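Here are a few exercises to work through with the model open beside you. Try each task yourself before reading its solution.

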Amino acid sequence: MDRQHRVRDGLTSAFLALLAALYLAPILIVLVNSFKGRFFISDAPFALPTARTFVGLQNYLSGIAKTGFLQAFGYSLFITVFSVATIVLFTSMTAWCITRVRSRTSSLFYYLLVYSMIVPFQMVMFTMSKMANVLHLDNPVGIIVLYLGFGAGLSVFVFSGFVKSIPVEIEEAATIDGCNPIQTFFLVVFPILKPIYITVAILNTMWIWNDYLLPYLVIGSNYRTIPIAVQYLQGGYGSRDMGAMMAMLVLAIVPIIVFYFSSQKYIIEGVVAGAVKG
Amino acid sequence: MPGMPKRFYAFFTLPTMLAFTLAFLIPFLLGIYLSFTEFTTVTDSRWVGISNYVRAFTDDRNFLNAAVFTVKFALVSVVLINVLAFSLALLLTRKLRGTNLFRTVFFMPNLIGGIVLGYVWQLIINGVLINFGVDITFSASYGFWGLVVLMNWQMVGYMMVIYIAGLQAIPTELIEAAKIDGANARQMLAGIKIPLVMPAFTICTFLTVSNSFKLFDQNLSLTGGAPARGSAMLALDIFSTFYGRTGYEGVGQAKAVVFFLFVALVVLLQLRYSRSREVVN
């Protein structure tokens with residue numbers, strides 16, 4: 001490599017490093033402010049804490065107490081884990097079945113599910129939350145059914161795209177060996193679909209963990225998830241506790257960063273695979 | 001498997017389709033019906049014809065203002081996000097040191113939820129504006145550019161990883177052949193990279209268009225529509241119409257139907273347009 005190239009690459013790297021620093025700055029600024037007294041944040045968010053403004057963990061304690069953050073974390077975790085598990089299990093079964101059984105019913109199901117992805121949530125938010133009331137789905141267990149119904153479109157779409165690429169001969173061999181469709185699916189197809197399970201699980205985890213409006217309308221008055229707890233701090237105009245807000249933002253971001261760094265490779269690959277199929 | 005017995009077919013499809021019907025299909029159809037009625041709950045609805053649709057546009061200018069705001073926002077965001085994401089993808093496919101680290105950092109904001117992102121940027125933007133004695137609720141255009149910055153911060157990294165995958169899928173023989181033929185960097189970009197990355201472009205424009213039009217959480221937390229709903233996008237305007245004042249539920253539902261038709265039209269046109277530009281191998 002000649003000198004000109006080296007200089008150019010060096011400049012590019014320096015530019016990218018600067019940009020990366022700018023990318024991280026907003027989160028670091030929130031982190032720094034979470035240790036400052038509530039009245040020293042809005043006026044000077046870019047100032048470091050001083051002996052006078054530093055309050056230690058006080059914002060965290062008051063924020064957790066005000067929002068019930070620990071419970072919110074529990075609800076978010078419960079709803080996300082069980083909804084995602086339910087979605088990947090049932091939608092993969094459905095996707096395989098309607099891809100393999102070519103019939104009018106199958107294509108009706110497929111098009112209904114796929115076109116539901118375009119519909120904005122506002123179109124159904126009122127009627128859906130009324131429906132949830134009537135059917136007693138307005139609790140952390142019932143909401144799983146709603147997430148299955150809502151997540152079905154994207155998940156069936158991604159699974160179907162993948163099922164099409166599996167040679168059908170493998171399944172036919174299983175049938176000849178005496179497997180019924182349930183055995184064929186769980187013993188033969190399920191293991192082949194594994195990488196795409198990770199993709200679908202990640203896409204749904206990102207959505208459900210961060211979802212605000214659906215849980216707010218359906219269970220928000222009795223159960224707060226993390227986004228609802230953060231929004232709850234907003235309160236009436238002018239009454240907001242900025243210290244508690246900063247601490248809650250940090251606490252909301254930390255689990256995501258931990259999750260991201262623990263399975264970063266799968267997340268980026270999963271998101272790309274989901275997008276390319278989608 | 002053309003001859004799957006019915007009971008097996010039901011076993012595989014029933015749980016999903018039942019949940020889909022309850023959570024989506026019935027509420028969707030009921031929503032269309034209710035847009036032609038006056039109601040406060042589902043059971044007390046009274047048929048009023050198209051008057052909700054007329055009122056959505058004539059009672060006040062909120063809906064039209066929100067529509068204009070949303071279209072402008074979507075145009076600016078979609079162009080900016082895709083240009084920035086593609087440029088970064090080009091830089092990160094040059095096999096420089098630290099590429100993985102940069103990719104990790106740029107992608108990260110995409111995982112953080114809209115409500116949290118809104119409050120993070122509210123702090124930053126107000127921290128800058130306080131030097132001029134104002135805050136983000138001072139003018140709708142502050143809210144507009146605030147949302148543009150936020151949306152770029154959130155989505156550039158996401159689109160970038162899709163463009164990177166697209167660029168990496170270009171066969172190396174093509175690049176080599178072009179080099180042997182003496183193509184310079186610009187010719188390589190215009191003649192090979194851009195045409196062959198079109199499938200990724202289709203996906204990225206689809207995701208940015210539909211996310212920009214449907215934006216809600218970020219809008220709610222960053223400005224809440226302030227000042228006086230001047231920075232409210234369509235989704236937020238519909239939410240405020242529904243839950244802001246009683247007697248307007250029917251109007252809110254009519255706005256939602258219009259919103260749905262509008263989003264569907266835009267998304268389908270966009271897909272058709274960008275699909276037509278993909279290179280067919």
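**Exercise 1: a helix in chain A**

Helices here are DSSP runs of H or I with at least four residues, and strands are E runs of at least two, numbered from the N terminus.

Before going on, please note that this is a predicted model, in which local features need pLDDT of at least 70 and side-chain atom pairs count only at pLDDT 80 or more, while totals for chains, interfaces and linings use all residues. Residues are numbered from 1 along each chain as its sequence is written, chains are lettered from A and ligands numbered from 1 in the order in which they are written, and side-chain values use heavy atoms, leaving out hydrogens and water.

Task: find how far helix α6 of chain A reaches, and where α6(A) bends.

Solution. 
- Step 1: locate residues 142–163 of chain A, the 22 residues of α6.
- Step 2: go from the first C-alpha to the last; the helix reaches 30 Å, close to the 32 Å expected (1.5 Å times one less than the number of residues).
- Step 3: look at A152(A), where α6(A) bends by about 50° (the angle between axes fitted to the seven residues ending there and the seven starting there).

**Exercise 2: two helices in chain B**

Task: describe how α3(B) and α6(B) cross.

Solution. 
- Step 1: pick out α3 (residues 62–92) and α6 (residues 140–168) of chain B; their axes come within 6 Å.
- Step 2: take the crossing angle, roughly 40° (axes are lines fitted to C-alpha atoms, for helices over the stretch in contact, and angles run from 0 to 180 degrees between N-to-C directions).
- Step 3: α3(B) and α6(B) are therefore oblique to each other (under 35 degrees is roughly parallel, over 145 roughly antiparallel, 65 to 115 roughly perpendicular, and the rest oblique).

**Exercise 3: backbone exceptions**

Most residues other than glycine have a negative phi, and most peptide bonds are trans.

Solution. 
- Step 1: the bond from A226(B) to P227(B) is cis, with omega near -5°.
- Step 2: P227(B) sits in the loop between α10 (217–222) and α11 (234–244) of chain B.
- Step 3: A228(B) lies in the loop between α10 and α11 of chain B, with a positive phi near 45°.
- Step 4: A228(B) is exposed, at a relative accessible area of 77%.

How values were computed: Buried < 20%, exposed > 50% of the residue type's maximum accessible area, 1.4 Å probe, protein only.
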